Amino acid sequence: MAIDFEIPEDAKAMRERVRKWVHDECRPAEKKLLDGGDYKTILGELRAKARAQGLWCPFIPKEWGGMGLGPLANALVQMELGESYLGALSMNTQGPDDATMLTLLQNGTDYQKEKFLKPLLNGEKRICYSMTEKASGADATGMQTRAEKKGNSTYVLNGEKWFSSAASVADIALVMAKTNPDAPRHQQFSTFLVELPNPGYKIKRNIKTMGIEGPLSHILGGGHAEIEIADLEVPAENLLGGEGQGFNMGQHRLAYGRLRHGMHNVAMAQRALDMAVEHISKRSTFGKLLSERQGVQFMIAECASQLYIARLMLMHIAYKAEKGLDLRNENGIAKVYLANMVHKVVDTAIQLHGALGYSQDTPLAAWYTHIRSQRLVDGPDEVHKWTTGRNAIKAFKATGTTASACGGDLL
Ligand SMILES: Cc1cc2nc3c(=O)[nH]c(=O)nc-3n(C[C@H](O)[C@H](O)[C@H](O)COP(=O)(O)OP(=O)(O)OC[C@H]3O[C@@H](n4cnc5c(N)ncnc54)[C@H](O)[C@@H]3O)c2cc1C
């Protein structure tokens, strides 16, 4: 049977609705914000409007107030949302909250769902994720923060965290800490739900990064915080998923987050490429439009092919997810590809805009410095490539060919 690339009508219709939503509502609202409008008012109005139209928490099941979209329809929707800073926020599907909502849905107790998940799903609260420490990042098992049980009802946490995105705007933190140093390496860690603000979870600073700080950066993203954890008391009922499960849940949580970044990258890269083509269609040098020069057309072609590959990768992964197939290898390959793709396309758009691209008169410079982080977050490029390389070698040893680790099961 041939592979069917026909997108189901309902998913196509949903994509159109969301595309229109982003163009007609999010982009104008983004402009109002940049012109000095009040963030809470603008986002509040936008969210109320989105929710009234049923555009809310795309992948969350309907019984929990979401749209109940499957992996394919969700991927199509997410690929539209990255076009505006307010796209994902307007539909309450922004990171880092979204992946954590899934973790809570799958692992939370009834109490935890009622107390922590419901306000997140209602858009009343935000949550951050504190795993990385100065002592450990790519290899999270090097984490030093300790959680020790005091009696039966409380854990006490001590240590530090850094690069906890959105911590300064969050009402809840999901904190990972070592509960049992004697357990096997991946079972030493547990995850705790911490209500904020909390004197034991002290935000020392929002770390200055290479990301350009505009009027929107802090209110939208909340920065990346360095945190001191000192005698932080957490009720035992806030332990999520049981002792020793922190690492497994963390990896599962990051699996969706990795793809969501990639999906948003497609929309951003598409917008950057459109901006580049619009610019070269008007700009002449040496008596000729830039768009008529073959060298420039080659640059556009390179971006077009990378965007095409990116879309195919995401569709293939969504297909595998729909069928419940193992997609871990593809996920790792796509995570790296999509981060580098958006980097390449935005860089090309800057190049073709000349000095204007380097200026802050277009959003390109802010995108460029912002997306550089994507080759580091959720596992740096090299760590994913390490796994992909090992998978290819393993496949060769088992079958005499690396094909199954390179999408060869499609052929
Ligand atoms: C903008 C941003 C937002 C973030 N948000 C969060 C968040 O919300 N919550 C959170 O917990 N963390 C967050 N992080 C942290 C992020 O997950 C870590 O930065 C990442 O895991 C890498 O860890 P590290 O920085 O300690 O680098 P290291 O672990 O020190 O690695 C440094 C470099 O060494 C190389 N390397 C590492 N291991 C290998 C290997 N096995 N083989 C080959 N090369 C290797 C890679 O090039 C890597 O970039 C964020 C980071 C950034 C930049």
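A residue is taken to be near a molecule when its C-beta atom, placed from the backbone, lies within 6 Å of that molecule. In this predicted model, 19 residues surround the ligand. The closest of these residues are T132, G137, A138, P380 and E382. By class, the shell around the ligand comprises 10 nonpolar, seven polar and two charged residues.

The protein chain is divided into domain 1 (9–93), domain 2 (127–244) and domain 3 (248–410). Domain 2 and domain 3 each contribute at least three residues to the shell around the ligand. Among the secondary-structure elements, strand 1 (127–130), strand 3 (154–165) and helix 13 (381–399) each supply at least two residues of that shell. The centres of domain 1 and domain 2, taken over C-alpha atoms, are separated by 29 Å.

Helix 1 (residues 9–34) and helix 2 (residues 39–52) have axes that come within 10 Å and cross at roughly 170 degrees. Angles over 145 degrees count as roughly antiparallel, and helix 1 and helix 2 are therefore roughly antiparallel to each other. On the side of helix 1, the contact is made by W21, E25, C26, A29, K32 and L33; on the side of helix 2, by Y39, I42, L46, K49 and A50. The residues of this contact divide into eight nonpolar, no polar and three charged.

Attention now turns to strand 3, one of the elements that supply at least two residues of the shell around the ligand. Strand 2 (residues 146–150) pairs with strand 3 in the antiparallel sense over five bridges, and A147 stands opposite L157 in strand 3. These two strands form a hairpin with three residues between them. In the turn, G151 has a positive phi of about 65 degrees. Strand 3 also pairs with strand 7 (residues 224–235), again in the antiparallel sense, over 10 bridges. In that pairing, S164 stands opposite A225 in strand 7.

Most residues other than glycine have a negative phi, and most peptide bonds are trans. Against this background, A166 has a positive phi, near 70 degrees, although this residue is not a glycine. A166 lies in the loop between strand 3 and strand 4 (172–178).

Two peptide bonds may be examined in the same way. A cis peptide bond joins G95 and P96, with omega about 0 degrees; P96 lies in the loop between helix 4 (87–90) and helix 5 (97–107). The peptide bond from L196 to P197 is likewise cis, with omega near -5 degrees. P197 is found in the loop between strand 5 (189–195) and strand 6 (201–206).

Notes. Residues numbered from 1 in each chain as written. Predicted model: local features only at pLDDT ≥ 70, side-chain atom pairs only at ≥ 80, totals over all residues. Helix = DSSP H or I, 4+ residues; strand = E, 2+ residues; numbered from the N terminus. Nonpolar A, V, L, I, M, F, W, Y, C, P; charged D, E, K, R; others polar. Domains from an automatic or database assignment. Axes fitted to C-alpha atoms, helices over the stretch in contact; angles between N-to-C directions. Parallel < 35°, antiparallel > 145°, perpendicular 65-115°, else oblique. Contact = placed C-beta atoms within 7 Å. Pairing = 2+ DSSP bridges.
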